[in-house]
Amino acid sequence: MRAVRGEPVPHTPVWFMRQAGRSLPEYRKLREGVGMLESCMDPDLVTEITLQPVRRYGVDAAIFFSDIVLPLKAVGVDLDIKPGVGPVVATPVRTLDDVAAIPDLTPEHVPFITQAIGQLVAELGSTPLIGFAGAPFTVASYLVEGGPSREHALTKAMMFGAPEVWDALMRKIAGVAAAYLEVQVAAGASAVQLFDSWAGALTPRDYATHVQPHSTAVLARAGALGVPRIHFGVNTANLLGLMGEAGGDVVGVDWRTPLDVAIGQVGDRAVQGNLDPTLVFAPTEVMTARAAEIIEAGRAARGHVFNLGHGVLPSTDPDQLQRLTEFVQSYPL
C-alpha cells in the first residue's frame, strides 16, 4: 500500500496476476468437478483459493479470485465459461434494446462477493486484498463477439458503425464495473485493479475517443472510495500514456515494454510489473537477474510494485515463483 502511494518501502512489494489458479496443485484439486463461475460464486471456495498463494509464497498482496464476466452473470446475462475456450455469451449484444436489457448491478446481485471478502479480510490480517473488475472495452468485446476474439472485428464494427449502440453499451458496462468495485471496497478490499485484456487491439486515437472516457468513469468512481487504483492492459505499449491519463494511481505494464520506457510515459504515477511470465521457466539465476534489472528500473518511478507482465502461466512451477518472491523481497533497496 505504501508503494502504490509513492511512499518509502522496506522492500519492493510483489504479487502475481493469476497467482491464485491453475499453476497450483492445491487449486486444481479444489476445483475438481466445479465449474469456473460456480467456484467464483461460492464464498468459501473463493476464500480458500485466494488465500492459497498467500500461504505458499508469502506475497505482499492477495488478489481476489473471480472472473471479469462474473458481474454480467450475476445480473442475469446468459453466459458461461467453457474450458479451453473462455467466456461464451448465448445472445451477443447488437442493438440498443440488447443493451437496455442488461440490468444495472446492485449489492443484492452479489452477496457472495461481500461474504467472501469479509472472510478474506479476517484471514489476511495485515496483507491487503486487491479487488478487480474487467475494463469496459474487454467486457464489451465478449458481449459483442459472443466469446473470445483475436481480431475483435464485430466489436470494432459496432464502435465505428453504430456509435450510439457502442456508447450505450460502454456506459452500461462502466456502471456495472464501478458498482462491482464499490461492493468489493465496501466489503474490505484495500485496492482495486481495472484489467483491460484486449485494449491493445486499438490505436491510440480510437482508444482515446471510444474507450478512455469509459475507463475514466470507472476509475473516477473507484477513486471516490479512497483506495488506490491499478490500471492494467495487455499489449498496450502505445497506450500507456493514455491509460495513465484515464486515471488510477498505478499503471500496470505488460512484459513487452521495458519498465524504464513505461515510467517515462505514465506521468507521476507508480508502476506495476513487469517480468515476462515465461522467464520463470528459465534457470533461476537467469530469472532473478532479469528481476533485478526490473527492480532497478523501478527506482525511477514514484512507486513500484513487482509483478509479472501478465498472468502466471498454467504450467509454471510454483517452487520457481517461490524463489522469485523471496528474491524480490530480499533485494536491497
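Buried, as used in these legends, means a relative accessible area under 20%, exposed means over 50%, and partly exposed lies in between (1.4 Å probe, protein chains only). This is a predicted model, in which local features need pLDDT of at least 70 and side-chain atom pairs count only at pLDDT 80 or more, whereas totals for chains, interfaces and linings use all residues. Residues are numbered from 1 along each chain as its sequence is written, and side-chain values use heavy atoms, with hydrogens and water left out.

View 1. Helices (H or I, at least four residues) and strands (E, at least two) are DSSP runs, numbered from the N terminus. With contact meaning heavy atoms within 4.5 Å, 74% of the contacts between residues at least 6 apart in sequence join residues at least 24 apart.

**View 2. The salt bridge between Arg221 and Glu182**. A salt bridge is a side-chain nitrogen of Lys or Arg within 4 Å of a carboxyl oxygen of Asp or Glu, and the structure holds 10 of them. In this one the N to O distance is 2.9 Å. Arg221 lies in helix α11 (residues 212–223) and Glu182 in helix α9 (residues 163–187), so the pair ties together parts that are 39 residues apart in sequence. Both partners are partly exposed, Arg221 at 34% relative accessibility and Glu182 at 27%.

**View 3. The salt bridge between Asp249 and Arg229**. The closest N and O atoms of this pair are 3.2 Å apart. Asp249 sits in the loop between α12 and β7 (250–252) and Arg229 in strand β6, so that the pair links distant parts of the chain, 20 residues apart. Asp249 is partly exposed, with a relative accessible area of 28%, whereas Arg229 is buried, with 15%.

**View 4. Thr236 and Asp254, with the salt bridge from Asp254 to Arg256**. Thr236 lies in the loop between β6 (229–233) and α12 (240–245) and, at 1% relative accessibility, counts as buried. Not counting residues up to four places away in sequence, Thr236 touches Ala199, Gly200, Met243 and Asp254. Asp254 in turn forms a salt bridge with Arg256, the closest N and O atoms being 2.4 Å apart. Asp254 is buried at 2% relative accessibility, while Arg256 is partly exposed at 38%.

**View 5. Met159 in helix α8 (residues 153–161)**. At 0% relative accessibility, Met159 counts as buried. Leaving aside neighbours within four places in sequence, Met159 is in contact with Trp166, Leu202, Asp206 and His210. The C-alpha atoms of Met159 and Val211 are separated by 9.4 Å, although these two residues are 52 apart along the chain.
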